[in-house]
Amino acid sequence: MREQHLSQASPACAGCGVQLQSEKPELPGYLPPAAAGREPVICQRCFRIRNYNEAASVAVDQDDFLRLLGSIGSTDSLVVHIVDLYDFEGSLISGLQRFVGNNPVLLVVNKIDLLPKSMNVNRLRNWVQRQAKAEGLRTVDVVLCSAKRNMGFEHVIDALEKYRDGRDVYVVGATNVGKSTLINRLIRDYSDMERELTTSRYPGTTLDAVHIPLDDGKAIIDTPGIVYESRMTEIVPRSFLGALLPDKPIKPLVYQLNSGQTLFIGSLVRFDFVEGDRQSFTFYISNALNVHRTKLERAEALYADHRGQLLGGPSLEELESMPAWTRHSLRVRRGENKDVFISGLGWIQVNGTGGAQIDIYAPKGVKVMLRESMI
């Protein structure tokens, strides 16, 4: 993968950074000859994302991503790792520390606008620091923000100024964490460039490293998003992403459950409260998803008869293209404060202190785990 410098003379897409070509429409960077005079010059894929909110599937080699990440270790740079608070464990780049060497890592936690407004920001920052440390990531600082709602952005700028120290800045993150939205804010505020990166709900929008020149001769380098197939966002059909990904503050759903009860989250996930005292569970998921309650003994038959219909999306046809369910058995011990985290979907807070045995059925490959409660 070659790094493309974003300048007038460069044959690179101003939206995703990939090298432009006019020979093969099925490959990344295709620019129809008739569109060559358009300003800014963007590939057909970026044009369709921007104007029609659609995206063609293009394969970008995962090894290229890792090589690009590995090359950061030999530079003297500030590394800005952007993660999605809504999908924290799913969007944190595992093993990032060994890729970046001794370069300082600034952790920028995006999408805080999705949490209830009553959330204590200092407590949330402490939670993020503990989780990052548990994953082996050493950070110089943690900044909470919402690029989309323009919340906390001044703190991101302050931290960049504080830790950059005249160096290049590499921005890394998984797909769909809001990386391009954040970079576009930097372009608008701190560069005289008139172009913006392509942003969309679709994973893998930035296909190559994009250089954004800074006034002091250094650059911000936006790297492609790492695709983690352990996230629900990578598994559902693209037509369903709008329902899966919340775009406004979540209204938590609280359910009082007896053991032996089941909740279906659309036709995507089944939550079984197998054993434990009567207690409440709080669901932090997109409010566009349907939640259906039933008895555990009826759950299998209900799913067989009503998946993709009464239970909600994805549709029967879309479910056929997704991996089959696998079961995760989770035990919350007495006195523990835990969330059941389902990558790309959200999480369920276990509110009782008497312990619980929970089974989660989710598409095979999706990360499901217990973690320290966020809220």
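## A buried arginine and its surroundings

Leaving aside residues up to four places away in sequence, Arg 231 touches Asp 84, Asp 87, Gly 90, Ser 91, Ala 174, Thr 175, Asn 176, Val 177 and Ser 343. Please keep in mind that this is a predicted model. Arg 231 sits in the loop between β7 (219-222) and α8 (232-235). With a relative accessible area of 1%, Arg 231 counts as buried, because buried means under 20%.

One of those contacts deserves a second look. The side chains of Arg 231 and Asp 87 form a salt bridge, at 2.8 Å from N to O. Asp 87 belongs to the loop between β2 (77-84) and α3, while Arg 231 is in the loop between β7 and α8, so this pair ties together parts that are 144 residues apart in sequence. Asp 87 also counts as buried, since its relative accessibility is 1%.

### Salt bridges

How many salt bridges does the structure hold? There are twelve. As a general point, side chains of opposite charge can pair when their charged atoms come close.

| Pair | N to O distance | Separation in sequence |
|---|---|---|
| Arg 231 and Asp 87 | 2.8 Å | 144 residues |
| Asp 222 and Lys 179 | 2.8 Å | 43 residues |

In soluble globular proteins, nonpolar side chains tend to be buried together. In this model, the largest nonpolar core has 103 residues, and the members that touch the most others are Phe 271, Ile 342, Leu 345 and Ile 360. Which helix gives the most to this core? Helix α6 (residues 153-164) does, with six residues.

Ile 342 shows what such a position looks like in detail. Not counting residues up to four places away in sequence, Ile 342 touches Met 232, Val 269, Ile 348, Ile 360, Val 366, Lys 367 and Val 368. There is also a second, separate core of eleven residues, with Ala 14, Ala 35, Val 41 and Cys 46 among them.

### A glycine in a loop

Gly 95 lies in the loop between α3 (88-91) and α4 (96-100). Gly 95 is partly exposed, with a relative accessible area of 24%. Its C-alpha atom is separated by 8.1 Å from that of Glu 135, a residue 40 positions away along the chain.

### The whole chain

Stepping back, the protein contains eleven helices and 17 strands. Of its 375 residues, 55% count as buried. Among contacts with a separation of 6 or more, 73% are between residues 24 or more positions apart. The protein exposes about 16700 Å², and carbon and sulfur atoms supply 46% of that area.

Terms used. Residues are numbered from 1 along each chain as its sequence is written. This is a predicted model: local features need pLDDT of at least 70, side-chain atom pairs count only at pLDDT 80 or more; totals for chains, interfaces and linings use all residues. Side-chain values use heavy atoms; hydrogens and water are left out. Helices (H or I, at least four residues) and strands (E, at least two) are DSSP runs, numbered from the N terminus. Buried means under 20% relative accessible area, exposed over 50%, partly exposed in between (1.4 Å probe, protein chains only). Contact means heavy atoms within 4.5 Å. A nonpolar core is a set of buried Ala, Val, Leu, Ile, Met, Phe, Trp, Tyr and Cys residues joined through side-chain atoms within 4.5 Å. A salt bridge is a side-chain nitrogen of Lys or Arg within 4 Å of a carboxyl oxygen of Asp or Glu. Accessible areas come from the Shrake-Rupley method with a 1.4 Å probe; for residues, only the protein chains shown count as cover.
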